[in-house]
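The following exercises concern a protein chain and its surface. Please examine the sequence and the structure before reading each solution.

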Amino acid sequence: MENLESFGGVLVLAGFFGVACLYAAVGHGGASGYLALMALAEFPAEMLKPTALGLNILVASLGWVQFWRAGFFSWRVFWPLAFSSVPMAFVGGYVQLSSVIFKRLLGGVLLVAALRLAVHPPPERAGRPMPWWAGLAVGGCIGLLSGLTGTGGGIFLTPLLLLAGWANAKPAAALSAAFVWVNSLAGLAGHLTATVRFPGPFPWIALATVSGGLIGSYVGSRWASPQILKRILAAVLLVAAAKLLVTIPPK
């Protein structure tokens with residue numbers, strides 16, 4: 001069983017804390033950040049996706065509660081997304097995909113979205129409601145992507161909601177937190193059909209992550225302005241894009 005020192009000790013815990021704090025502020029669980037951090041710390045490959053999804057479940061639940069209590073969550077918009085995404089996230093979690101083209105395409109899309117939000121953030125407006133049929137289609141596609149990539153899907157859903165004008169920053173964060181939570185559960189369930197290993201110091205990692213998630217979700221739901229949230233989201237998307245593009249194996 002691995003100990004904490006073998007993964008970098010306190011510095012790695014600080015990294016998990018920081019990632020959770022940053023991602024939770026925009027309603028995300030942080031899986032893409034955890035995956036990048038664990039890759040740098042040389043965690044065994046078989047531990048990466050289940051550990052990221054497990055931490056996602058913890059942090060996204062905190063964000064969902066905080067944004068819900070602040071009055072930004074809508075069940076009407078959420079149910080079509082969740083209805084189609086959960087089974088597809090399970091399928092994606094079961095499938096073991098390794099594709100250079102897939103990573104390049106996904107990383108490129110996230111990079112473009114990050115630059116769009118950083119350079120020209122969409123203005124806050126009332127937002128036109130997302131049609132239920134669009135919610136079903138979007139939920140299914142993003143659910144599959146979330147299961148395949150070992151993320152909760154928030155890195156795909158939030159920028160789409162903002163750029164399409166379907167939600168403003170804080171309602172988008174509230175929807176994403178709930179979306180991440182249900183899809184992470186489904187993705188982890190898909191992994192449980194195979195052998196799943198968590199790192200030995202997982203309880204300490206979870207404690208650091210939950211602490212960061214509490215702070216980030218509270219600041220994001222109560223204090224941060226919509227423009228600040230969009231800048232944070234741009235940084236989150238850059239981390240996710242870098243993780244996908246940098247980890248492409250050489251030919």
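**Exercise 1.** Identify the residues of the nonpolar patch on the surface and the elements that give two or more residues to the patch.

*Solution.* Step 1: Trp79, Phe83, Trp132 and Trp133 make up this patch, and together they have about 590 Å² of accessible area. Step 2: helix H4 (75–94) and helix H6 (132–149) are the elements that give two or more residues to the patch. Areas come from the Shrake-Rupley method with a 1.4 Å probe, and for residues only the protein chains shown count as cover.

The model is predicted: local features need pLDDT of at least 70, side-chain atom pairs count only at pLDDT 80 or more, and totals for chains, interfaces and linings use all residues. Residues are numbered from 1 along each chain as its sequence is written, and side-chain values use heavy atoms, with hydrogens and water left out.

**Exercise 2.** Is Phe83 buried or exposed?

*Solution.* Step 1: Phe83 is found in helix H4. Step 2: buried means under 20% relative accessible area, exposed over 50%, and partly exposed in between (1.4 Å probe, protein chains only). Step 3: Phe83 has a relative accessible area of 62%, and is therefore exposed.

**Exercise 3.** Describe the cover of H3 and the residue after this helix.

*Solution.* Step 1: of the 25 residues of H3, 18 are buried, and the helix is mostly covered. Step 2: Gly71, with a positive phi near 90°, follows H3.

Methods:
Patches are made of residues with over 30% relative accessible area and no salt bridge: like charges are joined within 9 Å, nonpolar side chains (Val, Leu, Ile, Met, Phe, Trp, Tyr) within 5 Å. A salt bridge is a side-chain nitrogen of Lys or Arg within 4 Å of a carboxyl oxygen of Asp or Glu. Helices (H or I, at least four residues) and strands (E, at least two) are DSSP runs, numbered from the N terminus.
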